[in-house]
Amino acid sequence: MTLPPKATERAEAERLLALFLDHGAERVEPDLLLPADTLLDLYGEDIRARAFVTPGPDGGEAMLRPDFTVPVVQWHMARRGDPARYAYAGSIFRRQPDPSRPHEYLQAGFELFGHDAAEADAEVFDLIHAQVAHLRPRIVTGDTGILTAAVMGLETTADRRNALLRHIWRPLRFRALLDRFSGKTPVAAARADLLAAAEPFAESGPEIGLRSRAEVETRLAALRADAAAPPLAARDVGLIDDILSLSAPSDAALERLRDIAVDLPAITPATDGLARRLDALDARGIAPARLRFEGSHGRSTMEYYDGFVFTLSLPDRPDLPPVATGGRYDALTRALGGGDGMRAVGGVIRPGVILEGTA
Amino acid sequence: MIKLGVPSKGRLMEKTFQWFAERGITMEKVEDREYAGRVSGIDGVEMVLLSAGEIPRELAAGRIHLGVTGSDLVREKLAGWDSRVEELARMGFGHADLVIAVPNFWVDVDTLDDLDAAAAAFRRRHGHRLRIATKYHRLMREYLRGHGVADYQLVDSQGATEGTVRNETAEAIADITSTGETLRANHLKTLSDGPVHASQATLFRAVDAPWDDAAQATLADLRGRLGV
């Protein structure tokens with residue numbers, strides 16, 4: 001596989017950037033070398049497998065820019081303003097499981113802060129899609145907010161809802177929790193013995209380390225409360241499964257979600273949001289029937305995408321990564337804005353993939 | 001001529017020699033030259049004595065065709081190890097398990113599921129992620145990621161890892177253990193999910209070594225004799 005020359009890739013990125021600037025965006029140019037703390041706090045150790053971490057100038061760790069979203073959010077949260085539109089083009093660095101893929105490549109992106117959520121989602125999708133529409137990309141969309149709303153609407157303990165919410169982005173663990181909370185996974189003998197024990201700390205040795213005995217006792221109490229709580233209703237687990245396995249054109253998916261909302265009314269605001277987004281897209285000439293909706297789309301990628309998500313890939317080139325991706329990340333603005341967040345949505349295009357796909 | 005990398009000292013070297021000897025191939029160190037050896041019983045194989053820790057890198061670079069080392073070292077040192085080396089034989093010695101251990105008095109933590117839940121609560125309480133001391137960063141990261149564990153961080157520990165919990169530089173550890181003795185002496189217990197990786201001495205083939213016709217013929221001959 002030959003990759004397009006850097007200069008061609010650069011010219012394509014600049015061309016896309018110019019279009020985003022024409023659209024009214026302000027140009028931003030985040031540092032290439034970012035302090036690692038923020039990214040590690042957000043994404044945990046997983047990011048080390050995807051990014052290049054290096055000793056930093058201040059004795060801490062630094063990271064070669066693994067994406068633009070985090071530094072752009074930091075830039076915006078320090079200044080605020082609603083709405084605000086930003087665009088950028090530059091290198092990002094990612095470790096690739098496939099060594100033949102580039103570890104350094106260009107991204108051109110557009111981010112929109114504030115504004116009406118449905119309008120903003122449609123504006124970003126339309127702008128990104130328009131630049132690659134000539135490649136006839138396969139479009140897959142989703143909405144993590146619907147799953148989140150469904151979990152928040154489950155009739156169970158707050159601890160269980162929070163445990164599920166924490167693992168929305170880790171499908172395996174999410175499933176393991178659902179199985180446990182619904183009683184599908186039986187309680188392990190060791191766990192049953194522990195909860196039944198009169199002296200759970202018998203012969204358990206001295207208290208060592210920073211996690212205190214009081215913290216262990218707190219969790220034991222939580223485990224006892226959990227054991228006493230009734231299992232999740234099979235019907236509710238079935239509704240979550242219905243959402244996760246949904247794969248249909250967006251107009252049909254909306255109808256299906258409205259059916260699910262009859263039994264799970266907590267998702268109604270999120271499905272109303274989907275309806276408004278589809279209307280806004282339709283008004284821009286993007287028919288909902290053309291947008292495939294998948295209930296689990298966007299779950300296994302990056303955390304903090306908590307609403308609309310989209311991926312555009314080249315249908316004849318399954319060997320290439322998506323040509324464009326994007327989504328809503330209100331949760332990220334909360335995490336970086338000290339709990340005080342705002343609406344934000346954005347998308348990026350990979351000029352190198354456009355060139356490979358048209359070569 | 002194909003180059004076979006073998007651990008240069010200790011029981012790992014002796015057991016490797018023994019394993020090949022049982023299959024009709026004799027290896028010996030050449031006394032006056034420290035890092036060279038003699039191979040008899042087959043033509044076209046040259047032995048290179050290397051530290052077990054260097055063998056993964058030499059295999060990945062294709063500077064040796066074959067190498068004997070611990071499967072843990074290959075997985076830890078090589079990104080995408082399975083596209084760079086091929087396992088020809090698990091040799092049945094040098095067993096060592098990489099395990100996660102937590103304080104024994106954490107009676108609420110028995111599985112990875114528990115560790116994950118404890119990590120979430122720990123982070124809320126202490127303001128930083130639950131620290132796991134280890135020198136096996138890649139193996140641990142891939143394992144915990146594969147199992148969807150969050151809110152932990154790996155801190156580097158190149159020695160005396162069992163002491164890090166008592167010293168409060170880590171809350172849990174992940175280390176190689178052949179017996180549970182050291183863990184028990186340090187009031188630590190392993191999780192019940194089983195080891196992160198059950199390592200043993202393994203004969204690897206380097207994908208990127210110069211496999212010309214002669215080298216391939218020698219390899220076929222060798223594999224026939226070894227029955228692998």
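In strand E10 of chain A, the bridge partner of Ile139(A) is Leu312(A), strands being DSSP runs of E with at least two residues and helices DSSP runs of H or I with at least four, both numbered from the N terminus. The model is a predicted one, in which local features need pLDDT of at least 70 and side-chain atom pairs count only at pLDDT 80 or more, whereas totals for chains, interfaces and linings use all residues. Residues are numbered from 1 along each chain as its sequence is written, and chains are lettered from A and ligands numbered from 1 in the order in which they are written.

Elsewhere in chain A, three strands make up an open antiparallel sheet in the order E2-E4-E3. Strand E2 (33-35) and strand E3 (53-55) of chain A each have a single partner strand and stand at the edges, so one side of each is left without a neighbour in the sheet. On average, and with direction ignored, neighbouring strands of this sheet are turned by 40 degrees against each other, the axes being lines fitted to C-alpha atoms (for helices over the stretch in contact) and angles running from 0 to 180 degrees between N-to-C directions. Three bridges connect E2(A) with strand E4 (residues 61-64) of chain A in the antiparallel sense, and Met63(A) in E4(A) stands opposite Leu34(A).

In helix H15 (residues 351-358) of chain A, the residues Pro351(A), Gly352(A), Val353(A), Ile354(A) and Glu356(A) are buried; a residue counts as buried if 20 or more other C-beta atoms, placed from the backbone, lie within 10 Å of its own, as exposed if 12 or fewer do, and as partly exposed in between. The buried residues of H15(A) pack against helix H1 (6-22), strand E6 (104-113), helix H5 (117-132) and strand E12 (344-349) of chain A, contact being defined by C-beta atoms, placed from the backbone, that lie within 7 Å.

The largest nonpolar core has 83 residues, of which Ala108(A), Ile146(A), Ala150(A) and Ile267(A) touch the most other members; such a core is a set of buried Ala, Val, Leu, Ile, Met, Phe, Trp, Tyr and Cys residues joined through C-beta atoms within 7 Å. H5(A) provides the largest share of this core, with nine residues. When residues up to four places away in sequence are not counted, Ile146(A) touches Ile243(A), Leu257(A), Ile267(A), Ala270(A), Thr271(A) and Leu274(A). Another core, of 37 residues, lies apart from it and includes Ala119(B), Phe122(B), Tyr152(B) and Ala170(B).

The contact between the chains takes 31 residues from chain B and 32 residues from chain A. On the side of chain B that touches chain A, helix H4 (112-126), helix H5 (137-146) and strand E9 (152-156) of chain B each supply at least two residues, with H4(B) giving the most, eight residues.

For chain B, the domain assignment, whose bounds come from an automatic or database source, gives domain 1 (2-95 + 200-226) and domain 2 (96-198). The C-alpha centres of these two domains of chain B lie 32 Å apart, and their contact takes six residues from domain 1 and eight residues from domain 2.

How values were computed
Two residues are in contact if their C-beta atoms, placed from the backbone, lie within 7 Å. Two strands pair if DSSP finds at least two bridges between them.
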